[in-house]
Amino acid sequence: MARKRRRNSRAPLAMAALAGFCLPVQAAITGTCTITVGASGTMTVNPAIGILGSKQAGGSSASATVVATSTLCSLFNLLDCYSVSAPAPAAFSSAPSGGGTNVTFASVFRLDGSGVDINGSVPQRVANGTHAMQVDLTATKSSGIFPAGSYQGVVTVRCE
């Protein structure tokens with residue numbers, strides 16, 4: 001009696017499944033973080049003329065609006081959200097002669113109307129949505145005083 005050969009129908013199915021794992025897969029994770037610069041701040045000098053800062057009497061904070069959107073941030077509750085920071089510059093972008101020597105800079109920022117100052121170099125995680133940001137810059141002269149003239153310092157707001 002001749003045996004009938006049965007064809008193993010599972011082998012091609014298993015091969016097809018394994019082949020599926022070897023195929024390249026493309027995926028897109030979309031997210032954006034948009035920064036809109038608002039008002040420029042104003043730095044004023046302290047009575048000893050050794051500190052220029054936007055938090056000094058008569059000074060004002062700079063402002064920006066940050067809009068963060070990340071699909072994974074929404075789906076997985078802050079898994080892949082953005083962080084904002086506003087590190088202090090290394091120098092004035094413009095200053096009178098001698099105005100930029102022996103100067104250290106510090107920046108702070110606040111989010112969403114909070115009165116809490118955050119060190120500008122420390123990234124702060126933000127959830128999806130629109131966030132108001134206020135930024136302050138302080139320049140301190142370690143020796144001498146700031147000479148008369150016009151000064152400008154630029155703080156770069158980052159969203160990463």
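## Terms and overall layout

Let's start with a term used throughout: a residue is buried when its relative accessible area is under 20%, exposed when it is over 50%, and partly exposed in between, using a 1.4 Å probe and protein chains only. Helices (H or I, at least four residues) and strands (E, at least two) are DSSP runs, numbered from the N terminus. This is a predicted model, in which local features need pLDDT of at least 70 and side-chain atom pairs count only at pLDDT 80 or more, while totals for chains, interfaces and linings use all residues. Residues are numbered from 1 along each chain as its sequence is written, and side-chain values use heavy atoms, with hydrogens and water left out.

The protein has two helices and 10 strands, which follow one another along the sequence as α-β-β-β-β-α-β-β-β-β-β-β. Of its 160 residues, 26% are buried. Contact here means heavy atoms within 4.5 Å. Take the contacts between residues at least 6 apart in sequence: 69% of them join residues at least 24 apart.

## Strand E5 and its sheet

Strand E5 covers residues 82-85. Both of its faces are covered, with Tyr82 and Val84 buried on one side and Ser83 and Ser85 buried on the other. In a regular strand, side chains alternate between the two faces of the sheet.

Two strands count as paired if DSSP finds at least two bridges between them. E5 sits in an open, antiparallel sheet of three strands, ordered E8-E5-E10. Strands E8 (124-126) and E10 (158-159) are at the edges with a single partner strand each, so one side of each is left without a neighbour in the sheet. Three bridges connect E5 to E8, and Val84 is placed opposite Gln124 there. Towards E10 there are two bridges, again antiparallel, with Ser85 facing Arg158.

## Strands E1, E4 and E9

E4 has antiparallel pairings with two other strands: seven bridges join it to E1, and seven join it to E9. Thr65 of E4 is a handy residue to look for. Thr36 stands opposite Thr65, and the bridge partner of Thr65 in E9 is Ala132.

## The nonpolar cores

A nonpolar core is a set of buried Ala, Val, Leu, Ile, Met, Phe, Trp, Tyr and Cys residues joined through side-chain atoms within 4.5 Å. The largest one has 14 residues, and those with the most contacts inside it are Val84, Ala86, Phe109, Leu111, Val126, Met133 and Val135. Two or more residues come from each of E4, E5, strand E6 (103-111) and E9, and E4 gives the largest share, three residues. Apart from this core lies another, of eight residues, including Phe92, Val103, Leu137 and Phe146.

Leaving out residues up to four places away in sequence, it touches Val66, Phe109, Leu111, Val122, Pro123, Gln124, Val126, Met133, Arg158 and Cys159.

## The largest pocket

On a 1 Å grid over the protein atoms alone, a pocket is an open set of points where a 1.4 Å probe fits, with protein on both sides within 12 Å along at least five of seven lines; lining residues have an atom within 4 Å of a point. Grid points are joined across faces, edges and corners, and the volume is the space filled by probe spheres set on the points. The largest pocket holds about 520 Å³.

Its lining has 26 residues, with Ser40, Gly41, Ala62, Gly153 and Val154 nearest the centre. Strands E1 (31-37), E4 (62-70) and E9 (129-141) each supply at least two lining residues. By class, 13 are nonpolar, 12 polar and one charged. Here Ala, Val, Leu, Ile, Met, Phe, Trp, Tyr, Cys and Pro count as nonpolar, Asp, Glu, Lys and Arg as charged, and the others, Gly among them, as polar.

## Three loop residues

Most residues other than glycine have a negative phi. Ile49, however, has a positive phi of about 60 degrees; it lies in the loop between strands E2 (44-45) and E3 (51-53) and is partly exposed at 32% relative accessible area. Asp112 also has a positive phi, of about 55 degrees. Asp112 is in the loop between E6 and strand E7 (118-119), and is partly exposed at 47% relative accessibility.

Thr156 belongs to the loop between E9 and E10 and is partly exposed, at 46%. Not counting residues up to four places away in sequence, Thr156 touches Ser85, Ala86 and Pro87. Thr156 and Val135 are 21 residues apart in sequence, and their C-alpha atoms are 9.8 Å apart in space.
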